[in-house]
Amino acid sequence: VIYNGVDINVFENRRWKMDNGKEKIREILHITKDELVVGMIANFSWIKGHREFIEAAKLIAQEVPNVKFVLVGEGSLLQSRQVTTSQSHQLKDKVLFLGKRSDIPELLSIMDVSVNASYSEGMSNTVLESMGAGVPVVAAAVDGNLETVVEGGTGLLVPPRDSEALAEAIVRLLKDRELRKQLGENGKLRIENGFTHEKMVKNIESLYMKLTQPK
């Protein structure tokens with residue numbers, strides 16, 4: 001198995017920009033300094049678990065009032081009942097639908113928790129990028145997520161299609177700053193050690209060399 005790799009230099013090279021720009025990003029998105037941010041970066045497809053995310057958001061807001069939810073992505077589901085669901089849950093002012101964005105490193109820089117709620121997932125680049133940016137991950141315990149997220153080490157794993165379990169895990173992180181910090185640091189180290197572009201390319205080259213050797 002050759003795992004996907006992410007360019008961690010993107011986060012390193014933009015760190016100065018992110019550090020200087022966090023307040024500006026928050027200001028643009030109307031997120032105050034004392035508000036925690038839970039983000040989900042995924043195309044709006046039924047398999048990505050947006051329904052469970054919104055249902056979890058309602059539960060989370062009851063436990064952690066100073067929270068904002070940031071949804072990044074586009075797709076047909078964005079024009080369906082999913083948007084009105086947040087309104088019916090009285091979350092209109094807490095859920096931000098940002099659409100397609102090119103400033104993912106900057107958006108990750110303001111997130112306290114990154115969520116993957118997919119029903120099925122091959123190898124999530126968003127999970128890898130979140131970990132590479134030092135953001136703790138709460139992910140559905142499916143497929144590739146089981147190979148990238150270390151339960152209790154780099155993030156928290158929850159059963160798929162379970163909004164209550166998803167909310168409980170997110171609340172746990174939001175209420176424990178030290179745990180968020182530790183999981184974020186562990187995740188970044190895990191990406192640096194095994195999920196970089198360089199590692200992926202090296203493994204592909206090794207495979208080609210092995211396959212082209214004379215028998």
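Apart from its neighbours within four places in sequence, T148 is in contact with M123, V127, L128, M131, T154, R190 and F195, where contact means heavy atoms within 4.5 Å. T148 belongs to helix α7 (residues 145–148); helices here are DSSP runs of H or I with at least four residues, strands are runs of E with at least two, and both are numbered from the N terminus. With a relative accessible area of 2%, T148 is buried. The cut-offs are under 20% for buried, over 50% for exposed and partly exposed in between, using a 1.4 Å probe and protein chains only.

A word on what you are looking at: this is a predicted model, in which local features need pLDDT of at least 70, side-chain atom pairs count only at pLDDT 80 or more, and totals for chains, interfaces and linings use all residues. Residues are numbered from 1 along each chain as its sequence is written, and side-chain values use heavy atoms, with hydrogens and water left out.

Now let's turn to a pair of helices. Two packed helices are described by the angle and the distance between their axes. The axes of α6 (residues 125–132) and α9 (residues 177–194) come within 7 Å and cross at roughly 115 degrees. Such axes are lines fitted to C-alpha atoms over the stretch in contact, with angles running from 0 to 180 degrees between N-to-C directions. The two helices, α6 and α9, are therefore roughly perpendicular to each other, a label for angles of 65 to 115 degrees. On the α6 side the contact is made by L128, M131 and G132, and on the α9 side by G184, G187, K188, R190 and I191.

Finally, look at two loop residues. H30, in the loop between α2 (15–28) and β1, has a phi near 60 degrees, a positive value in a residue other than glycine. D143 is found in the loop between β5 (137–140) and α7, and has a positive phi of about 45 degrees although it is not a glycine. How accessible are they? H30 counts as exposed, at 65% relative accessibility, while D143 counts as partly exposed, at 40%.

How values were computed: Angles under 35 degrees count as roughly parallel, over 145 as roughly antiparallel, 65 to 115 as roughly perpendicular and the rest as oblique.
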